[in-house]
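Good morning, and thank you for joining.

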Amino acid sequence: MEIPLKKIAQAVGGKVIGDDRLGITGIDSLDSAGPGSISFFADRRYKESLSKTNASAIMVREQTELYEGPQVVVPNPELAYVRVACLFARPVPRFNGISDRASIHESSRMGNNVSVYPYVYIGEDAVIGDDVVLFAGVFIGDRVKIGNRTVVYPNVSVFEDCVIGNNVIIHAGTVIGSDGFGFVQDGTTSVKIPQIGIVQIDDNVEIGANNCIDRAALGKTWIGKGVKTDNLVQVAHNVVIGEDTIVVAQAAIAGSVRIGRQVIIGGQVAISDHVEIGDRVMIGSKSGIAKSVSSGEVVSGTPSMPHRLWLKTSGLIKRLPLFNERLKHLEKKVEELEKRLK
Amino acid sequence: MEIPLKKIAQAVGGKVIGDDRLGITGIDSLDSAGPGSISFFADRRYKESLSKTNASAIMVREQTELYEGPQVVVPNPELAYVRVACLFARPVPRFNGISDRASIHESSRMGNNVSVYPYVYIGEDAVIGDDVVLFAGVFIGDRVKIGNRTVVYPNVSVFEDCVIGNNVIIHAGTVIGSDGFGFVQDGTTSVKIPQIGIVQIDDNVEIGANNCIDRAALGKTWIGKGVKTDNLVQVAHNVVIGEDTIVVAQAAIAGSVRIGRQVIIGGQVAISDHVEIGDRVMIGSKSGIAKSVSSGEVVSGTPSMPHRLWLKTSGLIKRLPLFNERLKHLEKKVEELEKRLK
Amino acid sequence: MEIPLKKIAQAVGGKVIGDDRLGITGIDSLDSAGPGSISFFADRRYKESLSKTNASAIMVREQTELYEGPQVVVPNPELAYVRVACLFARPVPRFNGISDRASIHESSRMGNNVSVYPYVYIGEDAVIGDDVVLFAGVFIGDRVKIGNRTVVYPNVSVFEDCVIGNNVIIHAGTVIGSDGFGFVQDGTTSVKIPQIGIVQIDDNVEIGANNCIDRAALGKTWIGKGVKTDNLVQVAHNVVIGEDTIVVAQAAIAGSVRIGRQVIIGGQVAISDHVEIGDRVMIGSKSGIAKSVSSGEVVSGTPSMPHRLWLKTSGLIKRLPLFNERLKHLEKKVEELEKRLK
């Protein structure tokens with residue numbers, strides 16, 4: 001595929017300095033790009049890569065003298081990179097139509113132009129939107145609703161009554177709507193609390209591979225619009241995650257936690273049940289959050305503290321043996337001083 | 001569905017104060033319950049919710065003046081809630097009979113009234129009990145035994161020779177009986193130790209979604225009666241977990257660990273190999289357990305310590321920069337004192 | 001199955017002291033072995049077990065007087081145990097040929113003697129080597145290449161263009177080649193960066209159950225020869241793992257991390273993006289690695305430090321309340337001394 005530079009500039013809202021009829025055949029990093037490829041320069045640390053690149057064109061924030069070929073000037077070169085990469089990326093593979101090796105209950109409603117691979121199971125009264133792709137081994141429970149243009153990768157399970165929006169991506173092996181973990185003790189026996197709520201996933205969400213998002217005990221577990229989760233994330237029952245929040249791999253969010261918008265939750269973080277996390281909070285990786293965090297705070301550690309304090313503190317942990325020595329030394333000196341003063 | 005209050009009271013072993021002919025159509029929390037629903041009051045912190053609820057009846061430990069409608073007096077209102085929720089909960093969905101799109105080896109034995117969804121694979125000489133439900137994409141290896149009334153959700157794998165009891169629930173994506181992680185070094189190469197043991201899961205166990213429970217190297221990995229695990233839990237080879245123990249999400253239990261009865265293991269806990277954990281131990285979330293823990297202890301932290309000490313200690317970590325300042329200050333003062341005394 | 005002791009000695013390169021015609025029917029630990037079984041003695045701590053064992057023969061490093069039966073003297077009895085266990089272990093189960101319930105694109109190329117279970121999906125132009133076993137529910141994307149003698153367990157997904165070597169084992173539920181977690185912010189919205197690289201897995205690798213190994217944004221995520229990963233491991237996009245490295249359960253390796261050869265990464269470790277880990281590094285379980293680590297280092301903790309320092313340090317954490325007391329005490333004494341000197 002070859003795209004004229006002029007078209008690329010139009011796609012990213014940029015202005016070409018140089019020959020805009022040039023044909024572009026791909027996109028790559030400054031270091032790896034070869035003739036035919038376009039690249040981008042967004043970070044001054046890569047100046048040297050810029051001056052040495054073999055790319056046939058670049059996207060930049062401001063015209064640069066470090067590069068001689070055609071330049072596309074754009075407000076956000078990193079975002080422009082993504083837009084151009086999308087032009088060259090292969091589309092998501094699609095099974096052509098509905099496989100006769102899929103099992104679809106006759107009461108379910110299928111949208112237009114759906115792609116259903118073999119070994120997909122769709123239960124009673126499910127509603128599948130237009131242009132949806134369901135890969136092999138996907139299980140869709142009774143009465144599940146899936147919006148338009150949503151892609152569900154292989155071996156994902158979505159249980160009964162859950163609701164998934166438009167333009168959602170769910171990666172392989174993920175489980176949506178399994179029972180929340182709730183028991184009442186009857187003597188030494190754990191009696192299961194029926195989990196009769198649902199999971200609701202709003203538009204433009206992307207859920208990583210091998211996630212677990214449990215259905216609510218009552219009501220709903222709710223993943224807001226534009227949320228992105230990485231792989232192996234645990235979301236317990238009745239959790240609410242606000243719009244555009246990002247959850248990095250292996251984080252665990254316990255029951256009934258409420259998370260605001262545009263929050264960033266680092267890898268392997270644990271958030272205790274019923275905690276509230278405000279908007280735009282950032283939580284450092286591996287932190288253990290046992291108390292609520294106000295909007296805009298940046299926290300780290302177990303137990304969590306302001307991130308700046310944690311940087312200081314965590315650096316001091318390795319000085320504990322020294323602290324001990326200093327204490328001993330002081331204790332000895334003070335004792336001597338006391339003796340002398342007697 | 002409408003159930004007379006009298007029948008509900010019988011189901012929970014309670015006594016009705018008020019009109020027991022009232023028809024109940026559902027159950028919900030005090031805040032969400034509407035006309036027709038029953039709710040429950042078990043925690044004094046919800047007094048205000050009780051006085052404002054629209055529920056048509058409530059379950060309480062003792063008769064209360066904060067609510068005017070009919071009351072069901074029961075010894076344990078929380079447990080009563082569970083019992084009533086079960087009356088209203090939808091039963092687990094069942095495929096009607098055995099799908100002809102399942103692949104079942106002719107040598108296996110199937111119980112009465114089993115439900116086998118499409119795309120289930122059952123190997124040689126497997127034995128499946130009565131009333132078992134196997135969802136789509138379940139893999140059952142050769143000679144596996146599954147007891148009565150057990151439910152296995154989609155895309156679960158159970159490998160050869162494993163034994164699963166009665167009334168067990170295994171959530172989606174879980175792997176039972178994969179090889180334990182064992183190698184012997186031959187120079188720089190890791191030579192795989194054959195894992196020729198099994199996994200045994202006893203009655204009334206519930207295993208969460210996307211768990212991994214490895215088969216033993218020799219002998220068995222053993223999950224005792226009534227154990228409940230949350231999602232994404234790792235259980236290594238030759239682990240033994242005692243009856244009624246609870247394991248919260250993302251905990252990892254290393255090889256040959258022995259865990260007692262009624263233990264509670266918090267989320268993201270790691271337990272080192274060969275450690276022994278006594279009965280009724282409680283382990284705080286995110287703890288790293290490197291040494292054995294005696295029965296009845298409550299521990300937290302990495303390395304672990306008594307939970308009360310950990311509460312103190314972990315609070316002091318954020319004061320380390322202050323400690324450092326105080327040490328410096330003292331050192332300076334002591335030096336001055338010494339000078340003056342010279 | 002009965003194997004003469006002579007043949008066992010040949011298989012492990014050992015020398016028999018005693019009757020080499022003895023028939024051996026199995027292998028077990030010193031404690032569990034019964035008549036007919038062979039066992040091994042590699043660790044002096046098991047002297048008592050050796051003197052009491054019912055095994056009919058043993059493998060030892062040097063002839064021992066603690067055991068009366070035939071002895072096979074070998075340089076590495078632990079390795080010899082593995083070799084003999086392999087003789088007695090059941091081979092991996094194999095579906096006989098290619099199931100007609102598998103879906104294989106006509107453009108793909110299948111090797112000799114492959115075993116393809118029902119419900120396997122193989123996409124366009126995929127290449128499957130000789131003697132490969134693909135269990136039920138495996139998804140193989142377009143243009144994937146799989147080498148000879150590789151075993152892929154149930155419900156594994158391998159996405160388009162990924163390359164898997166010879167003698168690889170991939171355990172159940174694992175996802176290879178899902179999209180890396182990369183977004184560019186456009187205002188408050190996260191715009192997905194297309195992930196157009198691949199995953200390459202070299203020969204003799206073993207990947208545990210429910211792992212996630214993401215495809216590269218550009219280029220490749222690369223798992224070197226002989227690497228072994230335990231269950232629930234996360235490997236982000238563009239990670240490179242060197243030969244013979246071992247990754248224990250629930251470890252998470254962030255984007256673009258480069259790991260050397262023969263590294264050992266403990267359970268629940270997290271490694272931050274772009275970090276470099278040298279050859280033969282050992283990382284203690286639960287550590288958080290935010291900075292690069294040089295070859296040969298042994299590190300632990302969050303933030304990480306030399307393991308020996310961490311042992312000291314982590315022991316002192318529980319003494320923080322005492323440190324606080326000692327500081328208070330000193331402060332009081334110094335104040336008194338100062339008063340007296342005024």
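A salt bridge is here a side-chain nitrogen of Lys or Arg within 4 Å of a carboxyl oxygen of Asp or Glu. Please bear in mind that the model is predicted.

How many salt bridges are there between chain B and chain C? The count is five. In one of them, the side chain of B:Lys333 meets that of C:Glu338, with 3.5 Å from N to O. Between chain B and chain C there are also 24 residue pairs in polar contact, both residues at pLDDT 80 or more.

Which elements of chain B supply at least two residues each to the side that touches chain C? They are E20, E21, E22, E25, H4 and H5. H5(B), residues 320–341, gives the largest share, 10 residues. By class, this side of chain B has 35 nonpolar, 20 polar and 16 charged residues.

As for extent, 71 residues of chain B are in contact with 60 residues of chain C. About 5200 Å² is buried between the two chains, 66% of it on carbon and sulfur atoms.

I turn now to the strands. Chain B has an open sheet of 10 strands with parallel pairing, in the order E8-E11-E14-E17-E20-E25-E28-E31-E34-E37. E8 and E37 of chain B stand at the edges with a single partner strand each, so one side of each has no neighbour in the sheet. Within chain B, E17 and E20 pair over two bridges, and B:Val158 stands opposite B:Ile176.

In chain A, three bridges join E20 to E25, which run parallel, and A:Ile176 stands opposite A:Ile213.

Definitions and conventions:
Residues are numbered from 1 along each chain as its sequence is written. Chains are lettered from A and ligands numbered from 1 in the order in which they are written. This is a predicted model: local features need pLDDT of at least 70, side-chain atom pairs count only at pLDDT 80 or more; totals for chains, interfaces and linings use all residues. Side-chain values use heavy atoms; hydrogens and water are left out. Two strands pair if DSSP finds at least two bridges between them. Helices (H or I, at least four residues) and strands (E, at least two) are DSSP runs, numbered from the N terminus. Contact means heavy atoms within 4.5 Å. Buried area is the accessible area (1.4 Å probe) that two parts lose on being put together, summed over both. A polar contact is a pair of N or O atoms within 3.5 Å; within protein, one must be able to donate a hydrogen and the other to accept it, and residues adjacent in sequence count only if both atoms are side-chain atoms. Ala, Val, Leu, Ile, Met, Phe, Trp, Tyr, Cys and Pro count as nonpolar, Asp, Glu, Lys and Arg as charged, and the others, Gly among them, as polar.
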